[in-house]
Amino acid sequence: MPKRTDIKKILVIGSGPIVIGQAAEFDYSGTQALKALKKEGYELVIINSNPATIMTDPEFADRTYIEPLELEFVEKVIKKERPDALLTTLGGQTALNLASQLYECGILQKYSVELIGARYESIKKAEDRDEFRKSMGKIGLEVPKSFFVDSEEKIKQAFDIIGVPAVIRPSFTLGGTGGSIAWTEEDFFEKLKFALFISPKRSAIVEEYLDGWKEFELEVMRDKNDNFSVVCTIENFDPMGVHTGDSITVAPAQTLTDKEFQAMRDAAKRIMAEIGVDTGGSNIQFAIHPKTGRMVVIEMNPRVSRSSALASKATGFPIAKIASLLAVGYTLDEIPNFITQKTPASFEPTIDYVVVKIPRFDFEKFPEVDPYLGTQMKSIGEVMAIGRNFREALLKAISSLEKEPSFPKPIQMEDFELEKYLKPHPLRIFAIFEFLRRGKSPEWLSKETRIDIWFINQMKKIIDIENKIKSFKVIQDLPDEVFFEAKSSGFSDEHIGFLFGIGEDDVRAERRKRKILPVFKCVDTCAGEFEAYTPYYYSTYDYENESLRTQRKKGVILGAGPNRIGQGIEFDYSATHACFALRELGYETIMINSNPETVSTDYDTSDKLYFEPITYERVVEILLHEKPDMVFVSFGGQTPLKFAKKIRDEGFHIAGTSPESIDIAEDRGKFRELLDNLGIKQPPSDVAFSKEEALEKAKNLGYPVLVRPSYVLGGRAMAIVNSHDELEYYIEEAIKAEPGQPVLIDKFLEGAIELDVDLVSDGKDILFGGVLRHIEPAGIHSGDSANILPPYGLSKSIKGDVVDISYTIARWLEVVGPMNLQLAIQDGTVYVLEANPR
């Protein structure tokens, strides 16, 4: 059937600010859907409060409102715009909850706005825990034994029926917010009261704890003609009890029997029909008992989700795009597969590789937070890696996290201490590797962790390969077949070098000498059955290369990797726009990134996409294959800047600011020397390379001092220190943040005004994008400070100094591209704090 013509104007609600459980994946989904709907000729209106998103760019909608996502403001937009329909499924839980409120308050009915994508009845059935439980019972599907609580009076009754341990899940919350596992009676009452408080509906479900059960997710789609499609199966590496956003996940499912899969598939189709999702996609979570095969339904999300973004990138199937077209009347058999251009969207994806997602945690920024994992999500980003086998994908994903350890290093810890990390914890996977290294059996580890033994046997194979490598004294003695086995199992050059006690450059030289080189395989949704027209690639050690190099002018853009504290969606915004601009100039655009949540890794953002870790080894192999005219390192945050020099030394042209200038700006000592030579004021400071040196120099400067490592992002390991004792602790953290790099110790400017200056330069002239004044005085990181634009209360003289300083630094560094300057003003004097040529 053709698209609906009774709808002319569609309102889309975004997901608002980045929070744990709701990040860049909704910008990706929203942008993809907006492009599809605009192409179909619909008038689009969007409301979102997050300006650091691609979907709020003016070209993606006819009108964009940057407003709070609250009932009052959304009603004003509806009243002004009079949309025919509201698409509810692209803004995560925020948009879904808001759509429900608009319906319940009668606002949608008042202005004759139709909910599309998910009807109110479907939202309520899926999101209200009690309604969902009843719906599953109606179609004969089992859910965990549960009790619905919507008042404090029912808490005692819930405890008597369910007991402990129990899982507590608030209704209508995101990322498992307020969810927990109660182990004791006291725990139960306290946590259930909190769950009722945190739920927008003041309700929660209490469930039996499915200890050790395996968890699976299905990403599914259904249209109005009851066509049904399973896009992807995802298996959680961790058993039930860990939020799926915090669990390592694998696609396709590795330990699911065909009988179990068919039962799950049939259940998913019945769930979609019963809940009433008939114009879009959903994520459905199941649990299976590892011994009996008993299957229960955990929950469903009648919208695109974090897992939808992962499934899209894992299969090449654009879920959000297809879902938006279903919402306006198309059916799955009418929509083409945009990658093959031959198969319809009803043709289920087939993949001939393994995908592993690993969440990224930044607990080191918040040392008081409990790092053990449960049903409430704590991760702040994730990476995805693709390999020909689970081992390769797992090790590539670990290196994609861009934090230590970058591979399974030995852990110096007694067994009894190490056993603490066999509980759900970000370091659990490294503890398992270490116990395997010490000779513990996969059976014992599976019993202790409740992780399926298949995964642990795969990890044991990695340790077996390590032992093979260590049996040779020098790398020159390593047989080609063992070298190739290690590389095809995901071992990085750094990992192999560590085993031999040599550097990764030495391993790379030996590998290249032996012609052990990666090839690039295509992600095409159909396991090579049809040609891919918008392909993207991953590296592996195999025999056939599927990435054909063109003779066009080309530019490679290095993405930002996983979201983390200090590096979020804003870098993906920059990388994506760089890609768009380069394409307009006629270049073939090539993106390298490892983050499945982003617009930059969408299948049609660039001409070629390499889903790879942002490490020097992986990046340079792509560059050697593609032979680009230029490489852009200034749009991907801090990571690409670190190896800009090495890329240049391989013979590739770094577009924009030179590696030497980047080094001067990022190295605290060199930048301090530059400012001294230019006569530009900076806080009194000194440089230290050791703890002893830092203590002496801080004493000379006088407390309080600001400790700042070089080449870090988001204020990592920075601290305002007020005493000798405090400095002893913080300086060790600063040195560990970037070993071998200088640590700058500044005299802290108490009560100063802080400014952020963002500009772009062509090497001669500069254009100011904006000057922001921090509301708080200096000492609050710019990422945590409230800012105002334009700045207020600055004298003409101060403004002149800001312009002169910015111009002088940009010219001396020969900045070509973006630069951020952080300035402080104290007693009428402007001081430079730092410069970021990105």
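The largest nonpolar core in this predicted model holds 69 residues, and Ile10, Met221, Ile322 and Ile386 have the most contacts inside it. A nonpolar core here is a set of buried Ala, Val, Leu, Ile, Met, Phe, Trp, Tyr and Cys residues joined through side-chain atoms within 4.5 Å. Buried stands for under 20% relative accessible area, exposed for over 50%, and partly exposed for what falls in between, with a 1.4 Å probe and protein chains only. Helix 11 (residues 319-327) gives the most to this core, seven residues.

Contact is heavy atoms within 4.5 Å.

Six strands form an open sheet in the order 17-18-21-20-19-22, and the pairing is mixed. Strands 17 and 22 sit at the edges, each pairing on one side only. From one strand to the next, the twist averages 25°. Two strands count as paired if DSSP finds at least two bridges between them; helices (H or I, at least four residues) and strands (E, at least two) are DSSP runs numbered from the N terminus. Strands 19 and 20 run parallel over five bridges, with Gly555 opposite Thr589 of strand 20. Helix 10 (residues 306-315) lies across strands 17, 18 and 21, at about 75° to strand 18. Axes are lines fitted to C-alpha atoms, for helices over the stretch in contact, and angles run from 0 to 180 degrees between N-to-C directions.

Helix 18 (residues 493-500) is mostly covered, with six of its eight residues buried: Asp493, His495, Ile496, Gly497, Leu499 and Phe500. They pack against helices 16, 17, 19 and 21.

How confident is the predictor? pLDDT, its per-residue confidence, runs from 0 to 100.

| Part | pLDDT |
|---|---|
| Chain | mean 88; 96% of residues at 70 or more |
| Helix 27 (residues 724-737) | lowest, mean 66 |
| Helix 16 (residues 453-470) | highest, 98 |

Where pLDDT is low, the predicted coordinates should not be read in detail.

Local features need pLDDT of at least 70 and side-chain atom pairs count only at 80 or more, while totals for chains, interfaces and linings use all residues. Residues are numbered from 1 along each chain as its sequence is written, and side-chain values use heavy atoms, leaving out hydrogens and water.

Methods. pLDDT = per-residue confidence, 0-100.
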